[in-house]
Amino acid sequence: MTTLHIDALSKQHLQHIIQQQNGFIFTFTKIDSGRFIHTFCEGQLLKKMNLDPNQIVGYELKDFLPEEKAIEKSMMYERAWAGEAVSYEATVFNISYLASLNPVTVDDQVVQVIGNCIDITDRKEKELLLETSEQHFKSLFLYNPDPVFSLDSNGYFTSVNEAGSEITGHSEEQMKQRTFLPYITPDYQLDTLHKFQQVMRGESLTFPCAIKNERNERKELRVTAVPIVINGQITGVYGVARNITKQLQYKKDLELSEERYRILVENSPIAIAVLVKNKMSYVNSSCLELFNTESDGCLIGRSILEMVHQDIQSDVTTQLRKIANADIPSFTMESKLLRIDGETLEVEMTVLPIDFEHQNAILLMLSDISERKKSEKEVEAINQQNELILNTAGDGILSLSPFGHIIFANDAAIQLLEYAHGELIGKHVSILFPESSVTYSNFLAKLDQSIKEQTIHKEREQLINRKQGESILTDITITPITENDEKKGTVLVIKDITQQKQLDEMIIRSDKLSVLGELAAGIAHEIRNPLTSLRGFIQLIQTVTDHRYGEYCDIMLEELDRVNSIVGEFLMLSRPQLSKMSQQNPVSLIKEVVSFLYSEATMNKVNIHEDYQIENILIQGEGNQLKQVFINLLKNAIESMSSGGNVFISAEKLNDDELRICFQDEGCGIAEERLTTLGQPFYTTKERGTGLGLMICYKIIENHHGKISFKSKVDVGTIAEIILPKWNNQDDESVFND
Ligand code: ADP
Ligand code: MG
């Protein structure tokens with residue numbers, strides 16, 4: 001019986017041990033009604049379950065447990081009561097425990113059951129944890145998209161996931177028959193073996209390797225391997241492989257294409273340089289050649305601004321800044337660079353932004369244009385030379401486009417047409433003609449014809465307009481220009497014939513004058529003869545008439561004498577010139593001229609003042625010619641004063657050998673620039689002038705070994721001065737002879 005056991009220890013002591021134990025102990029028995037009644041219960045675990053022995057002893061299961069649990073337990077109780085030692089796990093009030101029920105029999109009859117419960121909550125929690133981590137592991141292992149495997153210490157596969165068997169093409173079972181080595185490609189076998197040994201020594205490694213699958217396809221892998229440690233012992237290797245075949249292929253492709261580009265750039269005939277922060281970071285071989293250097297040592301690291309000619313430094317800086325700010329996508333400019341040896345290079349520079357080794361950089365492409373520049377300069381020089389030649393040409397030259405627009409005009413053309421420099425360029429040739437004139441349409445037709453038929457045309461006496469509308473008479477030659485059979489337009493050579501025309505007219509006029517002179521001589525004779533008979537008859541009448549009419553006769557005779565003397569002068573002037581030198585009294589000659597022109601002077605309200613200091617000095621000369629000089633000078637003096645004035649005539653001794661004769665007027669004067677050219681034929685400012693008078697004066701005075709000169713001031717007056725040598729042999733008795 002139970003009392004028997006208890007006897008050995010003090011009951012008190014025993015109870016204390018039971019109370020302090022971690023689990024709890026209980027007893028129950030079956031009473032007559034078939035119910036199980038607890039007879040004892042003690043232990044620390046009860047407290048954890050929030051139960052008290054007082055709630056249990058004397059009660060059945062359903063009194064302190066939820067019904068469900070109570071039924072469950074009572075089944076166990078039945079089995080124990082039947083004599084079986086029962087153990088079971090259960091959870092009550094969140095506490096898990098392991099219970100064992102031991103029946104106590106007396107005479108094969110179960111009299112009570114002793115139950116013992118121990119707390120298994122911790123173990124249960126750990127089990128749960130293990131279960132979840134196992135799940136995790138499973139999902140990591142089985143369902144990992146990368147091949148995962150474990151090896152034992154000899155290198156045999158112990159587990160392989162699906163991805164692993166997929167990559168080898170062998171099932172897990174097949175793989176488990178083998179080590180990893182046969183899968184590895186020969187080039188990696190030794191290395192991978194080393195890596196395996198390292199991991200077996202405790203290292204964790206990541207390394208590349210490659211395998212061949214059953215179809216003999218090579219797969220590039222990156223493997224991470226860690227040792228499997230169990231109780232401090234390395235029992236194998238756990239590994240994850242990643243298939244990097246594609247990445248490697250991409251990388252290889254990329255390298256290949258990069259290599260291709262590198263080769264292209266290296267061998268490009270265009271000089272290429274890369275600038276990082278405006279400094280040379282890369283140059284190709286053409287670039288070295290361009291800068292005349294063997295190695296890139298003296299180029300790399302140099303700033304581009306050091307290398308461009310200072311003239312364009314600021315230009316380049318601004319452009320580079322624009323590129324950096326992405327204001328412009330690129331630029332191309334002609335620039336001058338300095339070579340290593342200081343020589344200047346003419347290049348065309350193209351600049352683009354690029355990404356160079358993950359930095360913002362600038363790509364420079366340089367092509368040498370020195371040769372091009374040189375030939376451009378040569379062409380320019382030739383053009384300049386041609387232009388110079390064209391500009392020195394006296395005739396106006398215009399070059400026209402096929403449509404008649406002016407492309408070039410030489411200096412003479414610009415002067416002739418009185419346009420400003422460059423103003424003619426681009427204008428249509430029609431500006432030379434009065435609009436819608438016959439000459440214009442005629443000229444255009446000629447231009448067309450010249451281009452079409454490739455023939456040269458000469459247009460004589462063509463009137464064209466100056467800028468201000470003044471017209472000039474010209475001869476125009478139209479020449480077609482062709483270049484490589486292409487009709488490029490025409491060249492017009494314009495010759496100003498206005499002056500030539502005027503000269504022609506003057507010559508005709510002077511011809512007329514000399515004819516008139518000859519006629520006049522004849523007429524003078526015809527007048528003189530009747531005058532003689534008129535004079536005779538008047539004298540006769542005078543003798544017979546009375547005093548009053550005699551006075552009229554005197555006047556008539558005086559007037560007749562005057563007509564006679566004028567006609568005489570006329571005759572003398574127009575008489576054929578006999579250059580017979582003789583002694584002449586210049587003052588007498590001047591006096592005759594004054595009386596000859598007296599009436600003309602009074603008619604023009606001109607007073608003639610005479611002042612002669614040398615009444616009797618003689619000179620060697622031709623009387624008629626000298627008179628002609630004096631007439632011309634006096635006439636010019638009178639004509640210069642359109643509203644009248646004074647003419648002062650003087651003659652004086654200049655020195656022992658020379659005398660001076662002056663004609664001074666108060667007329668319009670002569671412009672300074674004209675003074676030097678006086679005496680040139682056909683220069684006249686008068687409507688009915690010939691422009692021959694002064695020329696004749698110069699000629700005649702020259703023949704007399706004298707000099708003639710003019711002093712003049714515009715609107716003040718003019719002095720004509722003649723210096724003539726004296727007749728030196730004053731003793732020689734000579735008579736006045738005309
Ligand atoms: P013409 O008298 O027929 O014009 P000349 O040879 O005598 O030709 O003179 C040439 C020009 O010189 C004149 O037209 C005139 O302009 C200028 N000239 C000559 N003498 C004088 C003068 N005394 N005063 C002003 N102008 C003069
Ligand atoms: Mg004159």
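Are F26 and Y77 buried or exposed, and what follows for reading the model? 

1. F26 is buried, and Y77 is buried as well. The model is predicted, and the points below should be read with that in mind.

2. Aromatic pairs number 15 in the structure. In the pair F26 and Y77, the ring centres are 6.1 Å apart and the planes stand at 25°, so the pair is stacked. F26 belongs to strand β1 (residues 24-30) and Y77 to helix α5 (residues 67-81), so the pair ties together parts that are 51 residues apart in sequence. Ring pairs also link these two residues with F24, F28, F36 and W81 in a cluster.

3. Y698 and F710 make a tilted aromatic pair, with 6.3 Å from centre to centre and 40° between the planes. Y698 is in helix α22 (residues 693-703) and F710 is in strand β26 (residues 707-713), so this pair ties together parts that are 12 residues apart in sequence. Y698 has a relative accessibility of 24% and counts as partly exposed, whereas F710 is buried at 15%.

4. For R178, the ring is that of Y183, and the charged end is 4.7 Å from its centre. For R674, the ring is that of Y683, and the distance to its centre is 3.1 Å.

5. The largest nonpolar core has 41 residues, and F630, L633, L634, I649, I661 and I722 have the most contacts inside it. Elements giving two or more residues to this core include α19 (586-603), α20 (623-639), β24 (645-653) and β25 (658-665). Also on that list are β22 (606-612), α22, β26 and β27. Not counting residues up to four places away in sequence, F630 touches P586, L589, I590, V593, I661, F663 and I722. Another core lies apart from the largest one; it has 29 residues, among them L45, L61, A99 and V110. In soluble globular proteins, nonpolar side chains tend to be buried together.

6. E721 is found in strand β27 (residues 717-725). Why does E721 count as buried? Its relative accessibility is 14%, and the cut-off for buried is under 20%. The side chains of E721 and R660 are joined by a polar contact of 3.1 Å. Leaving aside neighbours within four places in sequence, E721 is in contact with R660, I661, C662, K707, I708, S709 and K711.

7. Ligand 1 has 18 residues around it, of which D665, T684, T685, T690 and L694 come nearest. An N or O atom in the side chain of T684 is 2.6 Å from an oxygen atom of ligand 1. For K686, a side-chain N or O atom is 2.9 Å from an oxygen atom of the ligand. A polar side-chain atom of N636 also lies 2.9 Å from an oxygen atom of ligand 1.

8. Most residues other than glycine have a negative phi. N50 is not a glycine, yet its phi is positive, near 60°. N50 sits in the loop between α3 (44-48) and α4 (53-56), and is exposed, with a relative accessible area of 69%. H705, also not a glycine, has a positive phi of about 60°. H705 lies in the loop between α22 and β26 and is exposed, with a relative accessible area of 68%.

Note on methods:
Residues numbered from 1 in each chain as written. Chains lettered and ligands numbered in written order. Predicted model: local features only at pLDDT ≥ 70, side-chain atom pairs only at ≥ 80, totals over all residues. Heavy atoms only, no water. Helix = DSSP H or I, 4+ residues; strand = E, 2+ residues; numbered from the N terminus. Buried < 20%, exposed > 50% of the residue type's maximum accessible area, 1.4 Å probe, protein only. Polar contact = N/O pair within 3.5 Å; in protein donor to acceptor, adjacent residues only side chain to side chain. Contact = heavy atoms within 4.5 Å. Phe/Tyr/Trp six-rings, centres within 6.5 Å; stacked < 30°, edge-to-face > 60°. Lys NZ or Arg CZ within 6 Å of the ring centre and 35° of its normal. Core = buried A, V, L, I, M, F, W, Y, C linked by side-chain atoms within 4.5 Å. Near = heavy atom within 4 Å.
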